[in-house]
Structures are given as C-alpha cells and as structure tokens.
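Let's walk through this one together, starting with its strands and then moving on to its helices.

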Amino acid sequence: MAFTIRQLQFFVAVAEQGTVSGAAQNLSISQSSVTEAIKELESDLGVELFERHPRGLNITHKGHQFLRHATKILADVSDARRAFLGDQLTAGGRLQLGVTSLVAGYVLSDLLARYRRAYPSVEVSAIEDNGDYLEHLLVGGKLDIAVMVTSNLRDRTALQSEILEVSAYRLWLPLSHKLASADIIGIGDIASEPLIMLTVDEIEENTGKLLSAIGARPHVAFRTRSVEAVRSLVATGAGVALLPDLVYRPWSLEGDRIESRDISGSLPVVQVGMVWRRGSSLPQAARDFIGLAQSQRMVRR
C-alpha cells in the first residue's frame, strides 16, 4: 500500500507539534485519525517514525530523514496546483531578498527552492546580514523583501510584515543530563548550568533577560554564531542551551542525541516573517514570492 498525501500531512503535523493531540487540534480532526494514519505510514515505510513516551512523541532519526521528504512532497503538490491556477505566468523580472542568519537555513532555503522551481525565469539575488542593516536596506529601496526575525522589528512605521512562523524557546540538553528526566523544569533550575550561547539575532539578549528576571547572571561556557556548534557542544555535555524550537534538530553532526524540554513560566517567542517597505509598489516577482510563502504556511498548517 502506498502512503497518501493525507498521511504525510498528519505526519508533518505530529512532527511539528510533538504530540498527537496537538496535531489533531491543529488539523481539526480526531486523535484516532492521526494515530491510525501514523501507524499506517510506519507500516508502509517499514520504519518507526516516532518514539512514544508519556509526554508525547520524539521523532526518530529515520523519521527526521523522512520529514524533509514529506515536506518537499507537500510543497511540490502545492506547486502543481498553483501551476494549473495560472500562478506561473510571471515572465522574468528580478527579486532582491534579504535574510538574517538565524533563519537562512531553516526558513528561507526551502522557500527559495520552491520559488525558483515555480518562477525559473526570475533572477534572484540574496544578502545575509543583521536585522538592523536589512531594515535600512528595505527602507532605502535596496531590497524588495527580507525574511527575518520580526519579534524585534525596529521601524514598524516604515515597514510592513507578515508572520510565517512562531517558535517558542526550549531547553536543549544532552541525553544523560539530570534534567532530562524532570517532570517540570523552571528557569531557576538552569541558572547555574553552563550555557552554550548562540549570538545571532536576538538570542543572546533574550536569554540574558530570562535569567536576569530571577536575579541570575548567565554562566556562559561558550559563545558562537553557529547553530551546528551549539548542537555539538550540547550533545557532548559542554553545557545546555535556550533556543527557539525553530532550529532544533535531535542529532548533532556527529550523530549524538540532543534532548529538548519545555521550560515552565513565561518565555519569549521568536517570530519569523516577511518584511517589506510599507506603501511601496512591489514588483510582480516580489508579490509572487509573498503569495508562495503564504501558501507554504497554509500547507504546513
């Protein structure tokens, strides 16, 4: 029996939500329908996609590999539908994009790949830089659109934005860490832990605010601009990290497991979205990019 598009949609939803109940609520269907679809998909593929535990589900290594294929299949189906609706009629043009480093490999890469397939005649140029500089380029008309963290957007009067993803902060820790088995983890529990600090976008600022709220000074063991370095350092026990779930992957490049846990209390979220100059007359290529990003957000949901 071949797997279905519906099964793929359910699988992606469970992978993103981490629980069957969360996926069912997000899809507005019964939990039993989601559970049955996942079981049938695992039977068809001959692999376990999730590890079951009392708090929900952990995606397995095979499941993580299949997730990228499933997401691409769903995006391709959406592209095929758009082709018959006449969405690929743009003849040429140029798109000038900006992106912040945190989201370059986690949001823009798949989105840009879809855009190039849908509009192959459009010339795309992209620049990666910090949010303040991208805002400057947008206001000055040097960029059409930026895909960036919008939580701390500075010039909201001159810029318009649309959210693509909202990602909560979670605790990353090695498999053998004492907090990995805790039922509830508070900010106070990690105040004395060595931190692996990611120094891109607003991450370091938010982490510092979280700890200073309880009167603790961050005990930073290592600062880096590389998410992969954070993964490797956490997995080998050099420290823990507080990062948005957007960039979480359960394995380091070396194949070591990384656990992710919720933190009790009020934590900030990271909003990632598209930003463009308010009131500007966007070229057709930019309007097509916005439309495609909106459709991808609907597919993910």
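**Strands first, then helices**

Start with strand β6, which runs antiparallel to strand β10 (residues 258-261) and is joined to β10 by four bridges. Before going further, bear in mind that this is a predicted model, where local features need pLDDT of at least 70, side-chain atom pairs count only at pLDDT 80 or more, and totals for chains, interfaces and linings use all residues. Residues are numbered from 1 along each chain as its sequence is written, and side-chain values use heavy atoms, with hydrogens and water left out.

Within the β10 pairing, look for proline 174, whose bridge partner is isoleucine 258.

Strand β6 covers residues 159-174, and its antiparallel pairing with strand β11 (residues 269-277) extends over nine bridges. Here you can find serine 167 opposite valine 270 of β11. There's also strand β9 (residues 241-244), antiparallel to β6 and joined to β6 by four bridges. On that side, tyrosine 169 has proline 244 of β9 as its bridge partner.

Arginine 170 makes a salt bridge to aspartate 262, with 2.8 Å between the closest N and O atoms. It ties together distant parts of the chain, since arginine 170 sits in β6 and aspartate 262 in the loop between β10 and β11, 92 residues apart. The whole structure has ten salt bridges, each defined as a side-chain nitrogen of Lys or Arg within 4 Å of a carboxyl oxygen of Asp or Glu.

Two packed helices are described by the angle between their axes and the distance between the axes. The axes are lines fitted to C-alpha atoms, for helices over the stretch in contact, with angles from 0 to 180 degrees between N-to-C directions.

How do α1 and α2 lie relative to each other, oblique or roughly perpendicular? Helix α1 (residues 5-17) packs on helix α2 (residues 20-27) at about 120 degrees, the axes being 8 Å apart. That makes α1 and α2 oblique to each other, given that angles under 35 degrees count as roughly parallel, over 145 as roughly antiparallel, 65 to 115 as roughly perpendicular and the rest as oblique. Phe10, Ala13, Val14 and Gln17 of α1 meet Gly22, Ala23, Asn26 and Leu27 of α2, where contact means heavy atoms within 4.5 Å.

Helix α3 (residues 31-45) is next: its axis comes within 9 Å of the α1 axis, and the two cross at roughly 105 degrees. So α1 is roughly perpendicular to α3. Their contact is made by Gln7, Leu8, Phe10, Phe11 and Val14 of α1 with Ser33, Val34, Ala37, Ile38, Glu40 and Leu41 of α3.

Finally, compare α2 with α3. Their axes come within 8 Å and cross at roughly 115 degrees, so α2 and α3 are roughly perpendicular to each other. Val20, Ser21, Ala23 and Ala24 of α2 touch Gln31, Val34 and Thr35 of α3.

Terms used. Two strands pair if DSSP finds at least two bridges between them.
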